[in-house]
Amino acid sequence: MSETLTVDVIDAKGKKSGSAELPAEVFDVQANIPLIHQVVVAQLAAARQGTHSTKTRGEVRGGGRKPYKQKGTGRARQGSIRAPQFAGGGVVHGPTPRDYSQRTPKKMKQAALRGALSDRARAGRIHVVTGFGIDGSPSTKQALASLAHLSPRKNVLVVLERGDELTVKSLQNAEQVHLLVADQLNTYDVLISDDVVFTQGALTAFLAGPAKGASVKAVATESESAQLDKEDTK
């Protein structure tokens, strides 16, 4: 395994303002393709709502009375107009609500993410910025101008520190940009992005690992706290 990688830190005007280290144990590991595939499939499966539903003949309203007598009509015997062969009848073996999520160990998720980040780093597609030149109020124009110094590509993943609302408001509506907080970084979003751009603070927070304890849930929203609780029980 090679030594720690180093990338230039770029300021809002596209000029080098320093350098940042990318630890080899995170950004220069061998990518395990089957593992990455398994983790991505599990992530996409967990995103499915699973609310699709059909009714069986016993659940469709009506059809309690026998439509016509058993014999003497020349037709096949029928017991209900809600049988599957009738229009408006029940559905045989149709979909019912279900949970598609798969249990994926945390170590597998972490290994897959390291492999995806290493692939991007070896291709020179990991960037670090001091900021996007936004001062005082949100500015999408300024943020995109700063981002253009780093990558001309179509899909860019920007990783921010939690609480960087100014940058979030500046870039959240940009079509070519996908925003994530450092502790939300995942394999799928890295793979579908052409470049990954970290702010200096976000890179530090990501390498430090997820924060733990009551202070995390104190700053998280209610939905984020619920998600943290759910993951802790798995």
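Residues 24 or more positions apart account for 64% of the contacts in the protein with a separation of 6 or more, where contact means heavy atoms within 4.5 Å. The model is predicted, so local features need pLDDT of at least 70 and side-chain atom pairs count only at pLDDT 80 or more, while totals for chains, interfaces and linings use all residues. Residues are numbered from 1 along each chain as its sequence is written, and side-chain values use heavy atoms, with hydrogens and water left out. The protein has nine helices and six strands; helices (H or I, at least four residues) and strands (E, at least two) are DSSP runs, numbered from the N terminus.

**Overall burial and surface**

- Of the 234 residues of the protein, 35% count as buried; buried means under 20% relative accessible area, exposed means over 50%, and partly exposed lies in between (1.4 Å probe, protein chains only).
- The protein exposes about 14,800 Å², and carbon and sulfur atoms supply 50% of this area; accessible areas come from the Shrake-Rupley method with a 1.4 Å probe, and for residues only the protein chains shown count as cover.

**The sheet**

- Strands of a sheet pair through backbone hydrogen bonds, either parallel or antiparallel.
- In this model, six strands form an open sheet with mixed pairing, in the order β2-β1-β3-β6-β4-β5; two strands pair if DSSP finds at least two bridges between them.
- The edge strands are β2 (16-22) and β5 (177-181), each of which pairs on one side only.
- From one strand to the next, the twist averages 30 degrees; axes are lines fitted to C-alpha atoms, for helices over the stretch in contact, and angles run from 0 to 180 degrees between N-to-C directions.
- Strands β1 and β2 pair in the antiparallel sense over six bridges, and A20 in β2 is the bridge partner of V7.
- The hairpin of β1 and β2 has five residues between the strands, and G14 there takes a positive phi near 85 degrees.
- Strand β1 (residues 5-10) runs parallel to strand β3 (residues 126-129), and two bridges join them.
- Within β3, V128 stands opposite V9 and V129 stands opposite I10.

**Strand β6 and its neighbours**

- Strand β6 pairs with β3 in the parallel sense over four bridges, and four bridges also join β6 to β4, again in parallel.
- V197 in β6 stands opposite H127 and also opposite V158.
- Strand β6 is mostly covered, with five of its five residues buried.
- In a regular strand the side chains alternate between the two faces of the sheet.
- In β6, D195, V197 and T199 point one way and V196 and F198 the other way, and all are buried.
- Helix α7 (residues 200-208) lies across β1, β2, β3, β4 (156-160) and β6 (195-199), running at about 95 degrees to β6.

**Nonpolar cores**

- In soluble globular proteins, nonpolar side chains tend to be buried together.
- A nonpolar core is a set of buried Ala, Val, Leu, Ile, Met, Phe, Trp, Tyr and Cys residues joined through side-chain atoms within 4.5 Å.
- The largest nonpolar core has 23 residues, and those with the most contacts inside it are F27, L117, L185, F198 and F206.
- At least two residues of this core come from each of β1, β2, α1 (24-27), α3 (106-122), β3, β4, β6 and α7, and α3 gives the most, with four residues.
- A second, separate core of 15 residues includes I134, A143, V156 and V158.
- Not counting residues up to four places away in sequence, L185 touches L113, L117, L157, V159, L180, V190, F198 and F206.

**Two threonines**

- T187 lies in helix α6 (residues 187-191) and counts as buried because its relative accessibility is 3%.
- A polar atom of the side chain of T187 lies 3.2 Å from the backbone nitrogen of L113.
- Leaving aside neighbours within four places in sequence, T187 is in contact with I36, V39, V40, Q43, K109, A112, L113 and A116.
- T140 is found in helix α4 (residues 140-148) and counts as partly exposed because its relative accessibility is 34%.
- Leaving aside neighbours within four places in sequence, T140 is in contact with K169 and S170.
- The C-alpha atoms of T140 and L171 are separated by 5.7 Å, although these residues are 31 residues apart along the chain.

Conventions:
A polar contact is a pair of N or O atoms within 3.5 Å; within protein, one must be able to donate a hydrogen and the other to accept it, and residues adjacent in sequence count only if both atoms are side-chain atoms.
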